[in-house]
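Here are my notes on this model. Please read them with the structure open.

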Amino acid sequence: MSKFCVVDHPLIQHKLSLMRDESTGVKEFRELLNEISMLMAYEATRDLQLEETEIQTPIMKAKFKVISGRKLGLVPVLRAGLGMVDGVLSLIPAAKVGHIGLYRDPQTLKPVEYYCKLPYDAEERELIVLDPMLATGGSASAAIQFIKDRGCKNVKLMVLVAAPEGVARIQKDHPDVDIYAAALDEKLNDHGYIVPGLGDAGDRLFGTK
């Protein structure tokens, strides 16, 4: 079973509460999402492997630890996932960025991929899929599967707000994918929105309806 981690740092919880407020405007919403994404990346990368290297300080040569092993890649799910990229990049500037776009087929109601561009060496990277809302889990699960279909095996999912239904879906479909969230909310309503949630993250991020 995959790990589900709620990153409940006080700064994250404070900023998320501001994002939930319906009176929060587009500019502030973007800034808060950027800041929370950076803080969450700290936890999502906690298990990165380290190795020793020799460094010359102004005083002497000594051995210190640096990140080793797999390189990182970020894959935002279009379009709301774009709002999380800069925050993570500010912490991990060397990460490569791919993009994946999905839409829901009106007849089958299943997610359909319309765009996927990954780093050329994505198979060698640890990929973090970024999507603010994990509601039913259908889109996130499909995005992860599309990435796996391209040979990528090391994948994590980082979201802002999750519903229990979405967490259960990812853990069922992808038991090897760890999930990081800033909050686990109560449930989904009849329209598939997270309750209490924060509304449509994409619309609030880009000022659309």
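How many bridges join strand 9 to strand 11, and which way do the two strands run?

1. The link between strands 9 and 11. This is a predicted model. Strand 9 and strand 11 (residues 161-162) are joined by two bridges. The two strands run parallel. L134 has its bridge partner in strand 11: A162.

2. Helix 5. The buried residues to check in helix 5 (residues 164-173) are G166, V167, I170 and Q171. They lie on the same side of the helix, because they cover an arc of only 130° around its axis. An α-helix has 3.6 residues a turn, so residues three or four places apart point the same way.

3. Is I100 buried or exposed? Its relative accessible area is 0%, so I100 counts as buried, the cut-off being under 20%.

4. Contacts of I100. Neighbours within four places in sequence are left aside here. I100 is in contact with V75, P76, V77 and L78, among others. The list also includes Y115 and C116, as well as A143, F146 and I147.

5. A distance to check. I100 and V129 are 29 residues apart in sequence. In space, their C-alpha atoms are 9.2 Å apart.

Definitions and conventions
Residues numbered from 1 in each chain as written. Predicted model: local features only at pLDDT ≥ 70, side-chain atom pairs only at ≥ 80, totals over all residues. Heavy atoms only, no water. Pairing = 2+ DSSP bridges. Helix = DSSP H or I, 4+ residues; strand = E, 2+ residues; numbered from the N terminus. Buried < 20%, exposed > 50% of the residue type's maximum accessible area, 1.4 Å probe, protein only. Contact = heavy atoms within 4.5 Å. Arc of directions from axis to C-beta.
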